Amino acid sequence: MSEIVKLTAAELAAKIHAREVSAVEVTQAHLDRIGEVDDHVHAFLHVDTEGALAAAGAVDRKIAAGEQPASPLAGVPLALKDVLTTEGIPTTCGSRTLEGWIPPYDATVTRRLREAGVVILGKTNMDEFAMGSSTENSAFGPTHNPWDHARIPGGSGGGSSASIAAFEAALAIGTDTGGSIRQPGSVTGTVGVKPTYGGVSRYGLVAFSSSLDQAGPCARTVLDAALLHEVIAGYDPMDSTSIDAPVPPVVAAAWQGANGDLKGVKVGVVKEFAGDGYQPGVLRSFEAAVEQLRALGAEVVEVSCPSFTYALPAYYLIAPSEASSNLARFDAMRYGLRVADDGTHSAEEVMALTREKGFGAEVKRRIMLGTYALSSGYYDAYYGSAQKVRTLITRDFDAAFEKVDVLVSPTTPTTAFKIGERVDDPMAMYLADLCTIPSNLAGNAAMSVPSGLSHEDGLPVGLQIMAPALADDRLYRVGAAYEAARNAANGGSLVHEVPELGGTK
Amino acid sequence: MPNISRDEVAHLAKLARLAVTDDELDLFAGQLDQILDSVAKVSEVAADDVPPTSHAVPLTNVFRDDVVRPSLRQQQALAGAPAAEEGRFRVPRILGEEQ
C-alpha cells in the first residue's frame, strides 16, 4: 500500500497545496489502491478514473499558476454515495430500477464538492434506496468490511465507510436517514457525522424519507470530517427545508477540541441505551470512553430520555410511510427500468411488473408497510401515533439539552455482524439503528467516533455524540478532544490497525 | 394486535403497484405481521394531548420570486426515458380492455 493513501485529508491537502505532491499523483495512488483491493471489498459501484484524473489535473494547474486552491480540500479524493446525482456519471441507488441511469444534473452536494476542487473517485455501494443497515440489500452484491471480509460494513452507506477504512479514498459522503452514516462509521472504525437536518441540501439526493434524510461527511479523523462538513453544508434555495443560517464553525471546533481540554463541558449519558441486547465489548468500550471524557475535564451525568425506547418503532412507521410515497416516482414512464412493454400490457400493468422486477425484498416490504400505515382505518393508530412519538422524543432532547451540552451513547448495540446473519430477520436488522434513530426523528446533529476494539471479537466500536440542532460544532469539539486522547493512549488512530487486505476474525 | 392476512398483503401490493408473486405473498405476510406487531407499541405513549410532529424543522411556506430559470432541455429530459417518440415520452396504453 502506498504511503500516500494512509495520509489524512488535511495532510494530503497540505502537501498538494505546498506542491510536495501533485493532486494527480494522489488521485492515481487511490485509483491504484481501488484496483488492488476493491475486488475484495466491493465499496464502489462505479469508478470514474477519467473524470477523477481530469479534476485532479485542474487543481494542479490552478496551483501551478499561483492561484489559491478553491478550498482547504482541493485535490483530495473522495468517494460519493450512489444516492447523490452526478451529471454524466451513473447513479443507481443500489437498485436495478436505476441501473444504467445517467442523471442530467448534479446534486447540490456534488456541485459543492466539484467547486471546492474535491476529486470524486466514483460512486459507492449502498443498501437499495438507503434501506438497510448492512449494504446486503444492494442489488449489486454486498460490500465487505475491511476489518473482516466475512462481515458487514454497516449500512446503508457501507460502501462509503468501507472505502475510507480500506484506504481507497481519504473522504466519503454518506446519507443518514436512521443511522446510515454513523452505524457504518462505528463498525468500520471511522468517523461519521449526521449534520443538523437542513444543514446540508437534499437537492439531488434521491429521496427515501424526506423528513429524515440528511447527507454528511465520512472520514478517518474528526478534523477531516469537519473540513468536509464545511464544504458541503450551507443554505440552498433549491431545497425548501434547507436552513438559512450560517454553517456552525465545525473546523474551528475541531481545532479547539484537539487541544484536549473539555473543562466546563457537560456530557449526558443516555440511561436507556445500555443493558439487554448490547454486546459486553461495546458497553466496555463505551464506559472507557466516558471515563476518558471525564479525564479530559468534562462533567458527566446520567440523563434519562424515556421516549427514546419508542424511537425505533416510530421510525419504522414514519420512514416506510414517506418511502411508499417517495418511491411512487419509479413508475417506468420517464426514466429507469421498464419491463413488459410489449403492446399487450397497459401502463398500469407495466408499472406493477417493472416495480416488481426492479425493487428488492426490503424495498417492497417497506413500501407495503408504509402503504398499510397510511391507509384509512390504520392511519391514526400507526402513522399518527408515530408522529406523536416524534414530539415526545424532541421534548426529551430539549429537556436533556437544558442540563447538558451533549449526549453520548454507543453508536450501535453490537460490532459488525456476519454477512447473511440477519438477512431473513428484518426486525433483528432494524435493531442496528436503535441508538441513532432519535437524532433523525428530532433533526439534531450527531456523530460517531471510534472508541476502540471490542474485547471479545477485536472489531471496532463507535461512540455516539449528540448535540442540539445547529450546534454541530459541539460534536467536533468533544469528538476531536476524545479522538486525540484515545489515540495518545493507544499509540495512534484505530483505523491504522485494519488488516491491509482484510482479515478474518 | 395486528394480524395481517395474505389477502391484505395482496391488496397492499395492488395499491402500491407491485406485481408480487405467490411466494412473496407468503413471505411478506409473515414478516409484515412481525414488524407491525413490534411497531404497534407507539400507541402506548401517543396520548391525545400530544401534538404530532411531521417535520424536524418548523417551516411554513418557502417562496421565491416568480422568474424564469434555466431548466432541463427536452433532449436532457428524454435522455433517461425507457422509450421516447417524436420528442415525447412514449408510454404503454393507458386504458385497459374493460375501459
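## Two helices of chain B

B:Arg6, B:Val9 and B:Ala10 of α1(B) meet B:Leu25, B:Asp26, B:Phe28, B:Ala29 and B:Leu32 of α2(B). By class, the residues of this contact are six nonpolar, no polar and two charged. This is a predicted model.

The axes of α1(B) and α2(B) come within 9 Å and cross at roughly 100°. That makes α1(B) roughly perpendicular to α2(B). The loop between α1 (6–15) and α2 of chain B holds B:Arg17. Phi of B:Arg17 is near 55°, a positive value in a residue other than glycine. Most residues other than glycine have a negative phi. B:Arg17 counts as buried, because 22 C-beta neighbours lie inside 10 Å and the cut-off is 20 or more.

## Where the chains meet

The contact between the chains involves 54 residues of chain A and 46 residues of chain B. On the side of chain A that touches chain B, at least two residues each come from α10, α11 (347–358), α12 (361–373), α13 (380–403) and α14 (426–430). Helix α13(A) gives the most, with 11 residues. By class, this side of chain A has 30 nonpolar, 15 polar and nine charged residues.

One helix pair spans the two chains: α10 (residues 311–326) of chain A packs with α2 (residues 22–39) of chain B. Their axes are 8 Å apart, at an angle of about 125°. The two helices are therefore oblique to each other. From α10(A), the contact uses A:Pro313, A:Tyr316 and A:Leu317. From α2(B), it uses B:Ile35, B:Ser38 and B:Val39. Five of these contact residues are nonpolar, one is polar and none is charged.

## The sheet of chain A

Chain A has an open sheet of 11 strands with mixed pairing. The strand order is β1-β3-β2-β4-β6-β5-β10-β11-β9-β7-β8. At the edges stand β1 (44–47) and β8 (299–303) of chain A. Each has a single partner strand, so one side of each is left without a neighbour in the sheet. From one strand to the next, the twist averages 25°.

Strands β7 (residues 266–270) and β9 (residues 406–410) of chain A run parallel and are joined by three bridges. A:Gly268 has A:Leu407 in β9(A) as its bridge partner. Two helices of chain A lie across β1, β2 and β3. Helix α2 (residues 23–41) of chain A lies across these strands and runs at about 20° to β3(A). Helix α3 (residues 49–64) of chain A also lies across β1, β2 and β3 of chain A, and runs at about 155° to β3(A).

Which way do the residues of β4(A) point? A:Leu171, A:Ile173 and A:Thr175 point one way, and A:Ala172 and A:Gly174 the other way. In a regular strand the side chains alternate between the two faces of the sheet. Strand β4(A) is mostly covered, with five of its five residues buried.

With β2(A), the pairing is parallel, over three bridges. Here A:Leu78 has A:Leu171 in β4(A) as its bridge partner. With strand β6 (residues 215–219) of chain A, β4(A) runs antiparallel and is joined by five bridges. Here A:Ala172 has A:Cys218 in β6(A) as its bridge partner.

The largest nonpolar core has 182 residues. A:Leu78, A:Leu171 and A:Ile465 touch the most other members. Beyond its neighbours within four places in sequence, A:Leu171 is in contact with residues including A:Ala9, A:Val76, A:Leu78, A:Ile164, A:Pro217, A:Cys218 and A:Leu228.

## Backbone exceptions in chain A

A cis peptide bond joins A:Gly155 and A:Ser156, with omega about 10°. Most peptide bonds are trans. A:Ser156 is found in the loop between β3 (119–124) and α5 (158–165) of chain A.

The loop between α5 and β4 (171–175) of chain A holds A:Phe167. Phi of A:Phe167 is near 60°, a positive value in a residue other than glycine. Is A:Phe167 buried or exposed? A:Phe167 counts as buried, because it has 25 C-beta neighbours inside 10 Å.

Note on methods: Residues are numbered from 1 along each chain as its sequence is written. Chains are lettered from A and ligands numbered from 1 in the order in which they are written. This is a predicted model: local features need pLDDT of at least 70, side-chain atom pairs count only at pLDDT 80 or more; totals for chains, interfaces and linings use all residues. Axes are lines fitted to C-alpha atoms, for helices over the stretch in contact, and angles run from 0 to 180 degrees between N-to-C directions. Helices (H or I, at least four residues) and strands (E, at least two) are DSSP runs, numbered from the N terminus. Angles under 35 degrees count as roughly parallel, over 145 as roughly antiparallel, 65 to 115 as roughly perpendicular and the rest as oblique. Two residues are in contact if their C-beta atoms, placed from the backbone, lie within 7 Å. Ala, Val, Leu, Ile, Met, Phe, Trp, Tyr, Cys and Pro count as nonpolar, Asp, Glu, Lys and Arg as charged, and the others, Gly among them, as polar. A residue is buried if 20 or more other C-beta atoms lie within 10 Å of its own, exposed if 12 or fewer, and partly exposed in between; C-beta atoms are placed from the backbone. Two strands pair if DSSP finds at least two bridges between them. A nonpolar core is a set of buried Ala, Val, Leu, Ile, Met, Phe, Trp, Tyr and Cys residues joined through C-beta atoms within 7 Å.
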